[in-house]
Amino acid sequence: SDIWGAFWMNALTIRRPLETATFQEGFRFLRMSVDYFWLIGGWLRFQPPEPWLWIARGVILCGIAGAALVTIESRPDRRLFVLAWLFVVAQVAAMLYGVFWAIPSAPQARYLFPAFAPITALLYVGLRRWSPAVLRPHWPAALLLLLAALDITGFTTVHISTYLR
């Protein structure tokens with residue numbers, strides 16, 4: 001019982017001074033989380049090229065905006081989208097609390113993995129929202145090609161060259 005008491009005392013203790021927990025700092029933390037979610041490997045040591053990260057950030061922003069619009073516009077499917085949003089927001093909030101305030105450290109992609117399925121669903125729906133209607137039948141293949149291109153580019157420019165040294 002002493003172990004559990006110590007665990008919960010540490011889990012609920014805020015270690016970051018509240019004056020440093022600004023909106024700007026929280027936004028920087030979330031941006032870093034997106035970057036780490038896409039490719040930064042080797043305990044955050046191996047960075048992909050900066051243009052690659054801006055493409056990944058753009059994909060995330062477009063997906064979030066599109067998913068928010070689809071959630072607002074789609075009456076029949078709104079419950080499903082709200083449920084997906086609930087999982088993502090709960091995970092991000094837990095990550096912000098745990099890693100940003102309670103145990104100040106760098107964000108890591110593994111903290112978003114519990115919400116990977118809802119994140120993927122929202123990104124798919126959100127990015128599909130921006131595709132022209134004529135291309136919608138080809139949307140799944142186009143998205144797979146985009147993500148494969150990002151993966152191949154990232155692995156060839158970062159991981160393979162790093163691990164061959």
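The exercises below, each with a worked solution, concern pockets and aromatic rings in a predicted model.

**Exercise 1.** Find which residues lie nearest the centre of the largest pocket, and describe its lining by element and by class.

*Solution.* Begin with the space itself, which comes to about 750 Å³ in the largest pocket. Next, turn to the lining, which is made up of 27 residues, with Leu 30, Val 34, Ile 60, Ile 64 and Val 92 nearest the centre. Then look at the elements: helices H2 (23-38), H3 (50-73), H4 (78-102) and H5 (116-130) each supply at least two residues of this lining. Finally, sorting the lining by class gives 22 nonpolar, three polar and two charged residues.

**Exercise 2.** Determine which element gives the most to the lining of the second largest pocket.

*Solution.* This pocket has a volume of about 390 Å³, and its lining of 15 residues has Phe 37, Trp 38, Phe 116, Thr 120 and Leu 147 nearest the centre. The elements that give two or more residues to it are H2, H3, H5 and helix H6 (139-164), and among these H5 gives the most, with six residues.

**Exercise 3.** Classify the two aromatic pairs of the structure by their geometry.

*Solution.* For Phe 113 and Phe 116, the ring centres are 6.3 Å apart and the planes stand at 85°, so this pair is edge-to-face. For Tyr 124 and Trp 139, the centres are 6.3 Å apart with 45° between the planes, which makes the pair tilted. Because Tyr 124 lies in helix H5 and Trp 139 in helix H6, this pair ties together parts that are 15 residues apart in sequence.

How values were computed: Residues numbered from 1 in each chain as written. Predicted model: local features only at pLDDT ≥ 70, side-chain atom pairs only at ≥ 80, totals over all residues. Heavy atoms only, no water. 1 Å grid on protein atoms, 1.4 Å probe; cavity = no way out; pocket = protein on both sides within 12 Å on 5 of 7 lines; lining within 4 Å. Points joined across faces, edges and corners; volume = space filled by probe spheres on them. Helix = DSSP H or I, 4+ residues; strand = E, 2+ residues; numbered from the N terminus. Nonpolar A, V, L, I, M, F, W, Y, C, P; charged D, E, K, R; others polar. Phe/Tyr/Trp six-rings, centres within 6.5 Å; stacked < 30°, edge-to-face > 60°.
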